Amino acid sequence: MQVVKFVNKFRARIFLNEDLMVKKENRYFLLNKKHKKLKGLITKDFFYAGLYLGKVRNKRFFPSFNLLKMIAEKRSNKVIVDKKTEWLFICGRDVFKRGIIKVVGSGRKGDYTLVLNTHRECLGFGRILHDLNKMEDKDAVAVKNVLDIGDFLRREKGQP
Amino acid sequence: MVLDACAAPGGKTVQLADLMRNTGVIIALDFKRRRLTALANHLERCHVKNTIVYHLDARHASKLKVRFDRILLDVPCSGNFVTDEEWFSKRTMNDVERNARLQRAILAEAVKTLKEDGEIVYATCSLEPEEDELNIDWAVKNLGLRVERINCYGEKALTEVFGRRLDDSVENCRRIWPGRTQGFFVCKLKKCGVQDASGKIRKQV
Ligand SMILES: C[S@@+](CC[C@H](N)C(=O)[O-])C[C@H]1O[C@@H](n2cnc3c(N)ncnc32)[C@H](O)[C@@H]1O
């Protein structure tokens, strides 16, 4: 299951009730129990239902920000960044070592980590480029931006 | 169960979900597929989890075979000059009439899917009486609806339009002239009759 595999990348454990999960074409959704009771409705041709978890494109899983928030609420890999880094990150930039206030969970090179602001709001996620606990050069990129919430603006750009 | 019959891009769907504390169920419809993407993005961004979206014409809402407690009809309308400088040169009376007809069809379908004790909120951002007071007067006289009093700023709606006297209850609607906002019309409707098998409304006494 692509969703679970993705969650595991952050060394997180979240319980996703598979009975409440539905797949529509390449997109995954998590329903609530009330939705499930309306069985007939869900089997009809819906466009969106419940909590959107993410989609698969070219065999790759693209998480929704709902899913990232769910992972961030559990024990998982995360870095907390300062205000300036937060702003740059949501504009699509990478995270420099200097901007990281705290590392939670794995800081190992190659692992995935969520990026949070000081209010513990999840801004997106990235891939760790150097071991965060050993890294000395504060001006080097520490976490490569993979997805950030600025995507909401970018994805609708150009659409009327 | 709440129906948001003309939902995209979803500002009000999100507000409804918030009022419902993300519980219960909202069914959101829109006719234009392209606008559903904006609605979906809105729902994701605001972490809404109680909504099911269908690409469906509100005039066919009864196909869903669901009866709703509340229905929001934020119907497509002619808009007004506040948000569109060229409004006067772009619209003709035919456009207004066409929209008014579509709005009546959406209202009539919504009544079919409303529970007996349910409520409809009808809103437009048009200032044209054809899309506002005249449609509500028609709904009161033909769909067995009554207009409830609401606690909302704005002025009492018109009860005399183009020399025609409308049902007194139409004054319970609110006409919000451009100023604090861009200009709106809003009202709350309840059933006061029962529909028989042929779809005719019998008034309850
Ligand atoms: C005033 S806008 C709704 C705004 C929305 N409620 C919000 O708060 O963001 C009216 C919407 O009705 C949709 N619409 C037009 N004709 C429709 C129909 N027959 N059935 C359902 N939706 C329709 C339009 O595509 C448009 O998105």
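A polar contact is a pair of N or O atoms within 3.5 Å; within protein, one atom must be able to donate a hydrogen and the other to accept it, and residues adjacent in sequence count only if both atoms are side-chain atoms. The side chain of S126(B) reaches the backbone nitrogen of E128(B) at 3.0 Å. The structure is a predicted model, in which local features need pLDDT of at least 70 and side-chain atom pairs count only at pLDDT 80 or more, while totals for chains, interfaces and linings use all residues. Residues are numbered from 1 along each chain as its sequence is written, chains are lettered from A and ligands numbered from 1 in the order in which they are written, and side-chain values use heavy atoms, with hydrogens and water left out.

S126(B) is found in the loop between strand 5 and helix 5 of chain B. Helices (H or I, at least four residues) and strands (E, at least two) are DSSP runs, numbered from the N terminus. Relative accessible area under 20% counts as buried, over 50% as exposed, and in between as partly exposed (1.4 Å probe, protein chains only). At 0% relative accessibility, S126(B) is buried. Contact means heavy atoms within 4.5 Å. Leaving aside neighbours within four places in sequence, S126(B) is in contact with C77(B), S78(B), G79(B), E131(B), D132(B) and F185(B).

Helix 5 of chain B covers residues 133–142. Seven of its ten residues are buried, so this helix is largely enclosed by the rest of the structure. The buried residues are E133(B), L134(B), N135(B), I136(B), D137(B), A139(B) and V140(B). Just after helix 5 of chain B, G144(B) takes a positive phi of about 65 degrees.

I136(B) also belongs to the largest nonpolar core. Such a core is a set of buried Ala, Val, Leu, Ile, Met, Phe, Trp, Tyr and Cys residues joined through side-chain atoms within 4.5 Å. The largest one has 65 residues. Of these, I27(B), Y54(B), L73(B), L107(B), Y122(B), I136(B) and L189(B) touch the most other members. Apart from this core lies another, of 29 residues, among them F6(A), L16(A), L68(A) and F152(A). In chain B, L73(B) touches A5(B), I106(B), L107(B), A110(B), I120(B), V121(B), Y122(B) and A123(B), not counting residues up to four places away in sequence.

Charged pairs were examined next. A salt bridge is a side-chain nitrogen of Lys or Arg within 4 Å of a carboxyl oxygen of Asp or Glu. The count comes to 28 salt bridges over all chains. K115(B) and D69(B) meet in one of them (2.9 Å, N to O). K115(B) lies in strand 5 (residues 114–124) and D69(B) in strand 4 (residues 68–74) of chain B, so the pair ties together parts that are 46 residues apart in sequence. Both partners are partly exposed, K115(B) at 28% relative accessibility and D69(B) at 25%. K190(B) forms a salt bridge with E119(B), the closest N and O atoms being 3.9 Å apart. This pair links strand 11 (residues 184–191) to strand 5 of chain B, 71 residues apart. Here K190(B) is buried, with a relative accessible area of 19%, and E119(B) is buried at 15%. R70(B), E119(B), K188(B) and K190(B) are linked in a network of salt bridges. E160(B) and R165(B) also form a salt bridge, again with the closest N and O atoms 3.9 Å apart. Both of these residues are exposed.

Chain A has 160 residues, of which 49% are buried. It has six helices and eleven strands. Its C-alpha atoms fill a box of roughly 60 × 40 × 30 Å, taken along the principal axes.

At the interface, 23 residues of chain A are in contact with 25 residues of chain B. Buried area is the accessible area (1.4 Å probe) that two parts lose on being put together, summed over both. Chains A and B bury about 2,200 Å² between them, 60% of it on carbon and sulfur atoms. L41(A), F47(A) and Y48(A) supply 31% of the area that chain A buries against chain B, more than any other three residues. One salt bridge crosses the interface. The side chains of E44(B) and R155(A) meet in a salt bridge at 3.0 Å, N to O. Strand 3 of chain A gives the most to the side that touches chain B, with four residues.
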